[in-house]
Every structure is written in structure tokens, then in C-alpha cells.
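Hi there,

Here is the structure I promised to pass on.

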Amino acid sequence: MSTGTPTRAIVLILIGMACISVNDTLIKLLSGGYPLHQMVFIRSIIGLCFTAIILMGEGGFALLKTDQPGLHLVRAILIVIANMTFFAALAVMPLGVATALFFVAPLFITLLAIPVLGEQVGVHRLTALLVGFAGVGVMMLPASDWGAVPTGALFLPVVAAVCYAGMQVMTRKLGAKSAASAMAIYIQVAFIGVSILFWISVGDGRLAGQVQNESLVFLLRAWIWPASEDLWKFAILGLMSGMIGYCLSQAYRLGDAATIASYEYAALPMAIALGWLVFGERPGWVMLAGTALIAGAGLYVFARERRRAGVGPAAERPIRRG
């Protein structure tokens, strides 16, 4: 690895985190007028085109062949659920809160590695798990930091984190033999397929008027043609989808996983800053305290993995919401 490679990897992961933050901001901006499945469909179509260009550069459509279609299907379903639940959370809560709660994913990866992978997790990482989950508990406290957010909605980013963690542990257990661009193609196709199923079943919006929860309304709202002033937002959303997959894949190809993974926590201050600047979401002490506990625990787990030569599950894979 050349001297400049770690720097390039860090730059790429920071660009990827910036793209994720912009992506989430646009999802939240558009959540008041469009259904989630329509946004995911448009985003994935554009992202698929972007990823296909990268696939052709890496070796062409032959890379899409796999002898583990079932594994890829389950992996795709888990990441689709993770994304859909996280994006649904954005409709009803501050960007920084949703992002911070999602970052318990590395802790769930460590936890799931015990029964699934037979990992030996020592007292240090177990303590970090308890601290991180305490941070989740703090952010679940009734508070005026983020207004009237339904208590149940606060679990949506945590559900997203659990699905993400299960996907990553499963991938590590069975092994990933496909190119990064091919795996990104599988994910984008899965998003498109699920979005089409939503459109067929609830795309007319007939169920949206029967529910009160804003997250469910976001999922069940009728498809509409994007307003001209929103077209650029959808275009950027699709570009972000492709950029996220490319930047994260390249970063982890070039750099040490345990080192690169720790830089993903740059998404937390980015999300808090964008929430403040774009939506006027001023963080209070509950949000900051919970974020500090979750981020501190996650970074400690990454540090422990690095000391163990970067072979543990938390260091193995990035936080990757596609």
C-alpha cells in the first residue's frame, strides 16, 4: 500500500459520509410531498445507471454471476428494510437524532457475532455495548429536544441498525465472493423491485388516509409526478446513491477497515449541522449526551478491533446504508 493510499481512503470515506448526509437531508426535505417508495425508486434507477458504469469499468456484466443467489437475496432484503425504516424515521424526527440512533449498528454487529460467529467478546467490548445502549436509552427519554416525536418512531433507526448488523454478520459468516460494484447492483435492483411492489399494492394512496402516523403516511402516500422545482433534488438524490456505494467501496478497498470505519462517525456532526442549518433542529443536552455515549462506545469498539489486528466483525464492514 502506497504512502498516499490511507489518505485517499480517508478522503473517500469522508466524501461518502457527506453524500449520505446530503442524501438523508433530501429524503427529509421531500418527505412531506412524496411517498418513500417513489423516492427510493427514482433514487435507485439513477443510482443503478451510475453503478452500471462502474461495473463495466471493473469487468462488465460477467461480474454479476454468482453461485450464492439466496445469500444475496437475503442480504438485499435486510438492507432494503434497514433503509426503508431509517428513511421513514426521517419523516418524523430530527436528522441528527435518527443518524445517532442508527450508529448503534456496530454494537449490534459485535453482539450478534457472539451467537452467530462464535466470537469471544471480552469485558471491554461488553462494557462498550452497555454504554452505547445506555446512549440509546437516554435519547429515548421524553424531551423537548426534538418536539412531538412518537415514541414508537424512535425505534425505527434502531430497527434499521439491527437489520444492517444482521446483514453484515451474515455476509461475514458466508463470505462475499462478488465484486463491490456487482453487490451494489444487486442492492439497487432490490430497491427497485420493492418500490414497484409498493406501487402496485398501495401506489394509489388509498391507505394513506386511513392512518395517522406520519411515518406510515410517508410509506403509503400516492405516487405523483415530481414538481419542476423538485426535479433537481431527485437528480442529486440518485447521484448521491451511486456516489455512496462507490466511495465507501473504494475507501475500504484502499484502506485498513478498522481505521476507515472510525471516520464514518464524521456523519454524526454532519447530520447535526445539516439538521440545524436546513430544518432549524437545534440539538439539546439529551440529544448531545445520547450521541456522545453512542459514538464513544462505537469508537471504542473500533479501537479494540484495531488492537486485535482489525479482524473482528465491527472492523470488518462499514456503516453502509446504500
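**What I found**

The protein has 14 helices and zero strands, where helices (H or I, at least four residues) and strands (E, at least two) are DSSP runs numbered from the N terminus. Along the sequence the pattern reads α-α-α-α-α-α-α-α-α-α-α-α-α-α.

Before you go further: this is a predicted model, in which local features need pLDDT of at least 70, side-chain atom pairs count only at pLDDT 80 or more, and totals for chains, interfaces and linings use all residues. Residues are numbered from 1 along each chain as its sequence is written, and side-chain values use heavy atoms, with hydrogens and water left out.

Of the 322 residues, 53% are buried; buried means under 20% relative accessible area, exposed over 50%, and partly exposed in between (1.4 Å probe, protein chains only). With contact meaning heavy atoms within 4.5 Å, residues 24 or more positions apart account for 86% of the contacts with a separation of 6 or more.

Ser215 sits in helix α9 (residues 214-220) and is buried, at 5% relative accessibility. Beyond its neighbours within four places in sequence, Ser215 is in contact with Ala88, Val92 and Leu156.

As for the cysteines, a disulfide is a pair of cysteine sulfur atoms within 2.5 Å, and by that rule there are zero disulfides. Cys19 is in none; the nearest cysteine sulfur, that of Cys247, is 5.3 Å away. Cys19 counts as buried because its relative accessibility is 6%, whereas Cys49 is partly exposed at 49%.

Happy exploring!
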